[in-house]
Amino acid sequence: MSSTARLRLRRDTAANWTAANPVLLNGELGIETDTRRFKVGNGTLAWSSLSYYIEGVLARGQASKMTSGTIAIGAAGTYQSTGLTATFDSASDYQVVLGTTDTFGLKNDSGATKLFMVQASMDASAGNNHTIGISLAKNGSVIPQSECRAFTGSNTQITKLFCFWMIELADDDEVAMFVANHTDTTSISFQRGRISAIEVKA
C-alpha cells in the first residue's frame, strides 16, 4: 500500500515569532498564523531582520454614515471637511483606522508607506439649482483630480456623488472626504455617505 508524504510548515503567531526571533534555515518558511504573512530564511538573519516575502493580507478600511446631517458651508466653491463622524467598520479592517484629524476619513496605521485605492460617495442636497461636489483630501489638502460635481436641479433633488483616486499614504497619514457648495453658502443636507481604502500592490 502506497503512502502519501505530507509537509507541515513552521508556523506561529506574529508575537511569538518576534519574541523567539529564531534564525530560519536557508529556504525555510516561517508563517504568521494570525496575519497570514510569511518570511523565508537565509540561514543567517534572525526573524526580526528578515523582510516579509509577500504581504498575505492587504491593508484596508471603510467607514460610513447612514443617517442625515447638516454641513455648514464656510465659503462658496471651497472644499472643506464635512464635520461629520463616520462609523468605522471594525469587522473588515486591517492596518487602517478611523481618522483622528477628520472623523469622516481613514488613517494608515500599518507602520509603513502604502499605496491605496480610495473611494468616497455621498447622497446630499443643498436646495434647488445648486452644484455641490466631493473630493478626497490627504492630510487636509484637497486632491483636485479626485473631484466630482453634481447639480441638484429642482424640487430639492438629492444628488449622488462618487469619487476615487490612488493615494500614497505614509504611516499615520489620513485621507478624508471633503465637500463644497459651488453655488453659494447654503448648507449641504447630508443623507448618507461612505469612504473606503484598500491597499494596491505593485
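Visitor: Is Asn129 buried, exposed or partly exposed?
Guide: Asn129 is partly exposed, with a relative accessible area of 44%. Here buried means under 20% relative accessible area, exposed means over 50%, and partly exposed lies in between (1.4 Å probe, protein chains only).

Visitor: What kind of model is this, and how are residues numbered?
Guide: This is a predicted model, with residues numbered from 1 along each chain as its sequence is written. Local features need pLDDT of at least 70, side-chain atom pairs count only at pLDDT 80 or more, totals for chains, interfaces and linings use all residues, and side-chain values use heavy atoms, with hydrogens and water left out.

Visitor: Back to Asn129. Where does it sit?
Guide: Asn129 is in the loop between S10 and S11. Strands like these are DSSP runs (E, at least two residues), numbered from the N terminus, while helices are runs of H or I with at least four.

Visitor: What is its phi?
Guide: Asn129 has a positive phi of about 55°, although it is not a glycine. Asn139 also has a positive phi, near 50°, and is a residue other than glycine.

Visitor: Where is Asn139, then?
Guide: Asn139 lies in the loop between S11 and strand S12 (141–142). Asn139 counts as partly exposed, at 45% relative accessibility.

Visitor: New topic. How many residues are in the largest nonpolar core?
Guide: That core has 32 residues. Val118, Met122 and Ile134 are among those with the most contacts inside it. A nonpolar core is a set of buried Ala, Val, Leu, Ile, Met, Phe, Trp, Tyr and Cys residues joined through side-chain atoms within 4.5 Å.

Visitor: Which element gives the most to it?
Guide: S10 does, with five residues. Strands S11 (131–138) and S16 (188–199) are among the elements that give two or more.

Visitor: What does Met122 touch?
Guide: Its contacts include Ile134, Leu161, Met177, Val179, Ile188 and Phe190, not counting residues up to four places away in sequence. Contact means heavy atoms within 4.5 Å.

Visitor: What about S4? Which residues are on its covered face?
Guide: Gly61, Ala63 and Lys65 are on the covered face of S4 (60–65). Arg60, Gln62 and Ser64 make up the uncovered one.

Visitor: How many bridges join S4 to S16?
Guide: Six bridges join them, and the two strands run antiparallel. Two strands pair if DSSP finds at least two bridges between them. Ala63 stands opposite Ile195 in S16. S4 also pairs with strand S7 (87–88), antiparallel, over two bridges. There, Ser64 stands opposite Thr87.

Visitor: In what order do the strands of the open sheet run?
Guide: The order is S1-S2-S3, three strands with mixed pairing. S1 (10–12) and S3 (38–40) each have a single partner strand, so one side of each is left without a neighbour in the sheet. S2 (29–32) and S3 pair in the antiparallel sense over three bridges, and Leu29 stands opposite Val40 in S3.

Visitor: Last one. Is Ser110 buried or exposed?
Guide: Ser110 counts as buried, at 18% relative accessibility. Ser110 lies in the loop between strand S9 (105–108) and S10.

Visitor: Which side chain does its side chain make a polar contact with?
Guide: That of Asn108, at 2.8 Å. A polar contact is a pair of N or O atoms within 3.5 Å; within protein, one must be able to donate a hydrogen and the other to accept it, and residues adjacent in sequence count only if both atoms are side-chain atoms.
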